[in-house]
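Take a moment with the picture, and then let us go through it together.

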Amino acid sequence: MPTPSEPKPEQDPTQAAEHVASAHRILKELQQKVGDHPELGEAITKLEMALNILAIKTGGLL
């Protein structure tokens, strides 16, 4: 019986990390265009935390 921490075959942590990293890049570029904004900064921070969690869960194999 798989544990909740084991990824299912259709769930690819690397693909999830790529999507999060892409969103992070887009938000950083938007922040450079419009300047500092608290909501953009918060979204970027949350994406960075998500990337760190994915890196830990995948053993840094991102």
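Lys-46 has a relative accessibility of 49%, so it counts as partly exposed; that label covers the range between buried, which is under 20% relative accessible area, and exposed, which is over 50%, using a 1.4 Å probe and protein chains only. This is a predicted model, in which local features need pLDDT of at least 70 and side-chain atom pairs count only at pLDDT 80 or more, while totals for chains, interfaces and linings use all residues. Residues are numbered from 1 along each chain as its sequence is written, and side-chain values use heavy atoms, leaving out hydrogens and water.

What does Lys-46 form a salt bridge with? The partner is Glu-42, and the closest N and O atoms of the pair are 3.6 Å apart. A salt bridge here is a side-chain nitrogen of Lys or Arg within 4 Å of a carboxyl oxygen of Asp or Glu. By this rule the count is one salt bridge. Side chains of opposite charge can pair when their charged atoms come close. Glu-42 and Lys-46 are four residues apart in helix α2, so about one helical turn separates them. Glu-42 is also partly exposed, because its relative accessibility is 46%.

Now step back to the whole chain. Its secondary structure comes to two helices and zero strands. Helices (H or I, at least four residues) and strands (E, at least two) are DSSP runs, numbered from the N terminus. Of the 62 residues in the protein chain, 18% count as buried. The chain exposes about 5,100 Å², with carbon and sulfur atoms supplying 59% of that area; accessible areas come from the Shrake-Rupley method with a 1.4 Å probe, and for residues only the protein chains shown count as cover.

Stay with α2 for a moment. This helix has 20 residues and reaches 29 Å from its first C-alpha to its last, close to the 28 Å expected at 1.5 Å a residue. That expected span is 1.5 Å times one less than the number of residues. Which residues of α2 are buried? They are Leu-40, Ile-44, Leu-47 and Leu-54. These residues cover an arc of only 85° around the axis, which means that they sit on the same side of α2; the arc is that of the directions from the helix axis to the C-beta atoms. The face turned away from this buried side carries the exposed residues Pro-38, Ile-56 and Lys-57. Just after α2, Gly-59 takes a positive phi of about 70°.

For one member, Leu-27, the contacts beyond its neighbours within four places in sequence are Leu-40, Ala-43, Ile-44 and Leu-47. Contact means heavy atoms within 4.5 Å.

Leaving aside neighbours within four places in sequence, His-24 is in contact with Ile-44, Leu-47 and Glu-48. Glu-48 itself lies in helix α2 and is partly exposed, because its relative accessible area is 32%. Along the chain, Glu-48 is 27 residues from Ala-21, yet their C-alpha atoms are 8.2 Å apart in space.

Gln-31 is found in helix α1 too, and its 16% relative accessibility makes it count as buried. Not counting residues up to four places away in sequence, Gln-31 touches Asp-36, Leu-40, Gly-41 and Ile-44. Beyond its neighbours within four places in sequence, Leu-30 is in contact with Gly-35 and Leu-40.
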